[in-house]
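The notes follow in the order I checked them.

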Amino acid sequence: MNERHDDLQEIIDAALREMAAEEGDGFDPQACNLAEFCRRTGLTRSRARTVRAHGFRALPHGNSGRRAAPGVLAGHTGLVDDLLRKGVTNSQVIFERLLGQGYAGGLTTVKTYIAAHRDLVPAKRC
């Protein structure tokens, strides 16, 4: 979990090595010139401060690995899918049938779901 899959850590390490080689024996990474560190790594000043606060380790984003909570339509998608397969695409009709099944969400959620699942609607026959 505390590992990134890009080369940011390598860039940070290379920049610190270069700065240490130029400054000599008394190099303290915590006291290094932040503007120079930003120029060498391409990081913003804010991100460079965060990296310095974490001991010059590139940590993953705080929200990585989290999953979105299930929506209000989660238990009712089967009904909507069946109606779409039968050719019913009117969102108001689908919404009213969902309300009869105990759906507690809104019409916009139903419209968004229908738009994302248009592939379930059979093609029109001539």
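Which residue follows helix 4, and what is its phi? I found Gly87 there, with a positive phi near 95°. Helices here are DSSP runs of H or I with at least four residues, numbered from the N terminus.

The model is predicted, so I kept to its limits: local features need pLDDT of at least 70, side-chain atom pairs count only at pLDDT 80 or more, and totals for chains, interfaces and linings use all residues. Residues are numbered from 1 along each chain as its sequence is written, and side-chain values use heavy atoms, with hydrogens and water left out.

Next I looked up helix 2. Leu34, Phe37, Cys38 and Thr41 are buried in it (under 20% relative accessible area, 1.4 Å probe, protein chains only). They fall within an arc of 100° seen down the axis, so they line one face of helix 2; the arc is taken over directions from the helix axis to the C-beta atoms. These buried residues pack against helix 1 and helix 3 (contact means heavy atoms within 4.5 Å). Helix 2 is followed by Gly42, with a positive phi near 85°.

Of its 15 residues, Ile12, Leu16, Phe37 and Phe56 touch the most other members. Helix 1 gives the most to this core, with 5 residues. A second, separate core has 12 residues, including Val80 and Tyr113.

Val80 is also one of the buried residues of helix 4.

Terms used:
Buried means under 20% relative accessible area, exposed over 50%, partly exposed in between (1.4 Å probe, protein chains only). Helices (H or I, at least four residues) and strands (E, at least two) are DSSP runs, numbered from the N terminus. A nonpolar core is a set of buried Ala, Val, Leu, Ile, Met, Phe, Trp, Tyr and Cys residues joined through side-chain atoms within 4.5 Å.
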